[in-house]
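Hi everyone, thanks for having me.

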Amino acid sequence: MRKFAPGDYAHDLVRTRPDGSTEQVWAGTMTIIAGRHPLSADIVVSSDPDVIVALDPTQAVSVLSSDGATVVTAPEQGLPGTTTLAGLTDTTEAFWALNGADPIKQREAMGAFGASDPSSPDDAEAGSATTGLMTSDLTRRRLLALAGSVPLAIGVSSSLPAPALAKIARGQLPVFDMFDGAVRDGATANEPLLNQMLSDYNGVEALPVGQGRGPILAKNGPIIVPPNAKFRGTAGRQGTVITRLPGYMGDTLQMGSPTAGMGSAEIEGLWFVMPGRFLGQVPAGTTPQGLVPNTSTLTGGSTASAAHVRAYGSQFGAIRNCGAQGMPTFFIAQEGGYALTLENPASIGGLWDRTNPALQESVAVLAALYNPVHGHPACTTVINPNFVGGNISAETRTITLYNKTYTCQERLGPKWGLWHAAGEDIQVLGGFMGGFNRTPIAIFPGGPAIINGKPAWVQIKLSLLGCHIDESMWAGIEARRTDASQAILNVLSILGCEFNGQLVGAHGIDIAPSSLMAVARLRAANNILAAYQGAAARFYAVDGGSLENTAAWGFNVAGFDTTKGDPLDYGAGVLLGGLTRNFDVSNLRGGGGPNGDTDPNNCQWLLGDTTPVQNGASTQSNSYFRVRTPNLGLAGGAVVAGGVNDKGG
């Protein structure tokens, strides 16, 4: 037996009864465009604009007209029989055999249909026979009347208008824009229809802006991607735009829910927009429309107001090639979960101004947060991020750094790039971050929640590999604990990274002064730090670790000079102090200007260790080896050491 193939040209619907008698139940002609059987239901789409042949799970075959009226149904429910489209005009003997109620024989006889032969003489008449897609007229006008009457091609029921059946028949995701009700006029809320589609089909595609299509709007509530579902834009990263309108205070999109994790859900190729948050130069007195109040605190964790994407409880989920132009509190907030992959995430815009509470909205581009239901994020991988602040003050400001001042246009992007509030084995691989009002990488643990006597906001193994960390107002990486109940970050790896302060930032790395250790087992190797107003790197609260094969160029631009009473702490190339112990520095080279060894510069001491010394030895077991300076503009020296030159270098 051979089943219908696209391009077959048939007339008459004939039913053969079990006793061998036949009955003609419909007269007419049609070209078969597409069909599919998903074990429980099937639809054959024909070229006749008024006919759709539908098989329901009871083996009843219905011929439906465009007004939704049932012309005939045969055989009767529960009765076996064979129904064919007979009278083919070519030599193909094609028919649809139900073979009674035997599901195995049904599967053998039925199945999905491929693309039609473009040389078929009936293609022109069929309109869409060569593509296997329904014409827009069929999609909109004919199927609207059939909503709720025709079984869906993928074997589910829905109250939504019927989709482009032939496209789904090929096993692809349904396209949001091919549903009636998918109005993208810049005013109509789209999340109700999208959420129903994602719930029904577990996957949706959306077409890019253009050809009369505006952005998709999240207006009154979040778009919700159910567990293991997929939501994908069909164009480049900025093609499929999702806009949150001013006044909406919730998340733009949620993956999973507070009680049900996202599983392996994925989103891809989506561009999230928050109007008025990418301004370039920000005039004094700017107040953006629909400011999202910031309630995030270092001890409050995920109390922040809103995210473009909130990912609950990943289990191998993914966010691929998505970006944001402006954001509320976060672009992406990861609420616990395991093995979330963020591939090529990008952002520009978002506002935070340390001097103006009215512009303190965007806390972080990416936040790794503890969740009471989903735990802490573990094994998150961020691949090639491109996080750009994008906003600066229109006026030149005077910036105070310790006891010096300098002037610049202050960077007013989000406060932080990555906020590591909780996490285990998070990796950032490559990419670029810069233009933040505070720092691209913020290691500030949340808390004070305790589980089994230990901090719930876990801090274990953060790795930064091959990253480019650019200008921000304070530091490239900053770590600090503010409460004894918060966890110490156990293992911080900074390997092969390039830090450039652009003569704006205070420090490249700042494990900040504190009465509490912030990092244990730090390893920094093969890094370059350049063009900072103060010290290139400060290690005040590190419990064991090493700095290896590092170059520090053009630091101390502000001109801290210990010969004139300025503290060494502010302007040395690399500074060890405070609580730091068991820390080794080796193969450190630096001095000169940001762009060359012989440039004029304010470099003075390349390495300083201000931890205590007793009887000529470090009381905190710090050491150094091979510290070399080609050009120190303030003519200080290579080493001021409380540590021990343990290798004679």
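Let's start at Gly389: leaving out residues up to four places away in sequence, it touches Ile348, Gly349, Gly350, Gly413, Pro414, Gly434 and Gly435. Touching, or contact, here means heavy atoms within 4.5 Å. Before going on, a quick word on ground rules: this is a predicted model, where local features need pLDDT of at least 70 and side-chain atom pairs count only at pLDDT 80 or more, while totals for chains, interfaces and linings use all residues. Residues are numbered from 1 along each chain as its sequence is written, and side-chain values use heavy atoms, with hydrogens and water left out.

Back to Gly389. You'll find it in the loop between β25 (386-388) and β26 (392-393); helices (H or I, at least four residues) and strands (E, at least two) are DSSP runs, numbered from the N terminus. Is Gly389 buried or exposed? Its relative accessibility is 0%, so it counts as buried. For the cut-offs, buried is under 20% relative accessible area, exposed is over 50%, and partly exposed is in between, using a 1.4 Å probe and protein chains only. Also, Gly389 and Phe436 are 47 residues apart in sequence, yet 5.2 Å apart in space, C-alpha to C-alpha.

Now the nonpolar cores. A core is a set of buried Ala, Val, Leu, Ile, Met, Phe, Trp, Tyr and Cys residues joined through side-chain atoms within 4.5 Å. The largest one has 83 residues, and Phe231, Leu253, Met255, Ile267, Ile511 and Phe539 have the most contacts inside it. Which element gives the most to this core? That's α5, with five residues. In helix α5 (residues 191-201), the buried residues include Leu193, Leu194, Met197 and Leu198. Just after α5, Asn202 takes a positive phi of about 60°. There's also a second, separate core of 17 residues, with Val363, Ala364, Ala421 and Ala442 among them.

On to charges. A salt bridge is a side-chain nitrogen of Lys or Arg within 4 Å of a carboxyl oxygen of Asp or Glu, and by this rule the count is 21. Take Arg232 and Glu205, whose side chains meet at 2.3 Å, N to O. Arg232 sits in strand β11 (residues 230-233) and Glu205 in strand β8 (residues 203-206), so this pair ties together parts 27 residues apart in sequence. Arg232 is partly exposed at 24%, while Glu205 is buried at 10%.

Another one joins Asp510 and Arg538, at 2.9 Å, N to O. Here strand β40 (residues 507-511) holds Asp510 and strand β43 (residues 537-539) holds Arg538, 28 residues apart. Both of these residues are buried. And salt bridges that share partners join Lys230, Glu266, Glu268, Arg320 and Glu343 into one network.

Last stop, the rings. How many aromatic pairs are there in the structure? Twelve. Rings of Phe, Tyr and Trp (its six-membered ring) pair if their centres lie within 6.5 Å; planes under 30 degrees apart are stacked, over 60 edge-to-face, and the rest tilted. Phe272 and Phe331 have ring centres 6.3 Å apart and planes at 55°, so they're tilted. Phe272 lies in strand β15 (residues 270-273) and Phe331 in strand β20 (residues 330-338), so they tie together parts 59 residues apart in sequence. Phe272 is buried at 0% relative accessibility, and Phe331 is buried at 0% too. Finally, ring pairs link Phe330, Trp416, Trp419 and Phe444 into a cluster.
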